[in-house]
Amino acid sequence: MAAPLRLDFVTSADRVERLPETAVEIAIVGRSNVGKSSLINALANRKALARVSNTPGRTRLLNLFALADGGAVMDLPGYGYAKASKTERAGWADMIEDYLLERESLEMVVVLVDGLVGPTELDRDMLDWLRSHEIPHTVVATKHDKVKSSKRERRKRDLAEGCQLEKGDIVWVSSNSGVGIERLRGLVGSWLALD
Ligand code: GTP
Ligand code: MG
C-alpha cells in the first residue's frame with residue numbers, strides 16, 4: 001500500500017528563477033478548476049495543504065511542496081482561466097512555459113485532464129506543446145466520481161482518444177472518492193525515486 005506523501009509547503013514564486021533548487025521534482029499542470037490542488041491534498045492525505053477553491057484561477061503562482069525524504073512537487077497555476085485579462089493570461093502562460101523548459105530537476109509533468117469533459121482544446125495544446133519539446137509527461141484524468149458508472153468505459157475510451165493515447169496510458173483518479181490515489185502515489189514515488 002502506498003502511504004500518503006509527506007508533503008510540506010515550501011514557497012511560492014512568480015517565476016522559475018526565484019525558486020530554490022531541488023534534487024528531483026514533478027509538476028502538476030492542468031486547466032483552471034481541473035482539481036490540481038485537490039489532488040495534491042489527496043496525495044498527502046491532508047485537507048488544506050494546497051488551496052482548493054470554487055473560484056477558478058486562485059492559484060496564480062508557482063507553489064512548491066517538498067517531501068520529508070527528498071523530492072518535490074510543483075503546483076502550477078491553471079491555464080485558460082477565462083475571467084483573467086489577456087495580459088494576465090499571457091503572463092501565466094510564460095511563467096508556466098519558462099518553468100517547464102528551465103526547471104533542471106523536473107522529472108515528470110503530470111497533466112491533469114477533467115475526466116468528465118476532457119480533453120479540452122487547451123489540454124490538447126498543452127499535450128502537443130509537451131510532445132514538441134520532448135518533455136516527459138503522464139496524463140491523469142480527474143473527478144472519476146463525476147462520471148456515471150454506465151458511461152465510464154465509453155468516457156475512458158473517448159478521453160484517451162482525444163489525448164492521442166491508449167486507454168491504459170491514462171491514470172484515472174478522484175480526490176473525492178479516493179479512486180486511483182494509491183496508484184498515483186506509487187507512480188509519484190517511482191518518479192521521485194523514493195523507493
Ligand atoms: P485552480 O487552482 O483554480 O487552477 O484550480 P485547481 O485545478 O487547483 O482545482 P481545485 O483543486 O481547486 O478544484 C476545483 C473544484 O473541483 C473544487 O470545487 C473541488 O472541490 C472540485 N474537485 C476537485 N477534485 C474533485 C474530484 O475528484 N471530484 C469531484 N467531484 N470534485 C472535485
Ligand atoms: Mg489550485
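Biologist: What makes strand β5 count as mostly covered?

Modeller: In this predicted model, eight of the nine residues of strand β5 (residues 106–114) are buried. Buried means under 20% relative accessible area, exposed over 50%, and partly exposed in between (1.4 Å probe, protein chains only). Strands are DSSP runs of E with at least two residues, helices are runs of H or I with at least four, and both are numbered from the N terminus.

Biologist: Why is Glu-102 called partly exposed?

Modeller: Glu-102 has 42% relative accessibility, and therefore it counts as partly exposed. Glu-102 lies in helix α2 (residues 86–102).

Biologist: How do you know that β5 pairs with strand β2, and in which sense?

Modeller: Two strands pair if DSSP finds at least two bridges between them. Six bridges join strand β2 (residues 25–30) to β5, and the two run parallel. Within β5, Leu-112 stands opposite Gly-30.

Biologist: Which sense of pairing joins β5 to strand β6, and over how many bridges?

Modeller: Strand β6 (residues 137–142) pairs with β5 in the parallel sense over six bridges. Thr-138 in β6 is the bridge partner of Val-110.

Biologist: What makes the pairing of strands β3 and β4 antiparallel or parallel?

Modeller: Strand β3 (residues 62–67) and strand β4 (residues 72–75) pair over four bridges in the antiparallel sense. The seven strands form an open sheet with mixed pairing, in the order β1-β3-β4-β2-β5-β6-β7.

Biologist: Why are β1 and β7 called edge strands?

Modeller: β1 (7–13) and β7 (171–172) each pair on one side only.

Modeller: Residues are numbered from 1 along each chain as its sequence is written. Local features need pLDDT of at least 70, and side-chain atom pairs count only at pLDDT 80 or more.

Terms used: Chains lettered and ligands numbered in written order. Heavy atoms only, no water.
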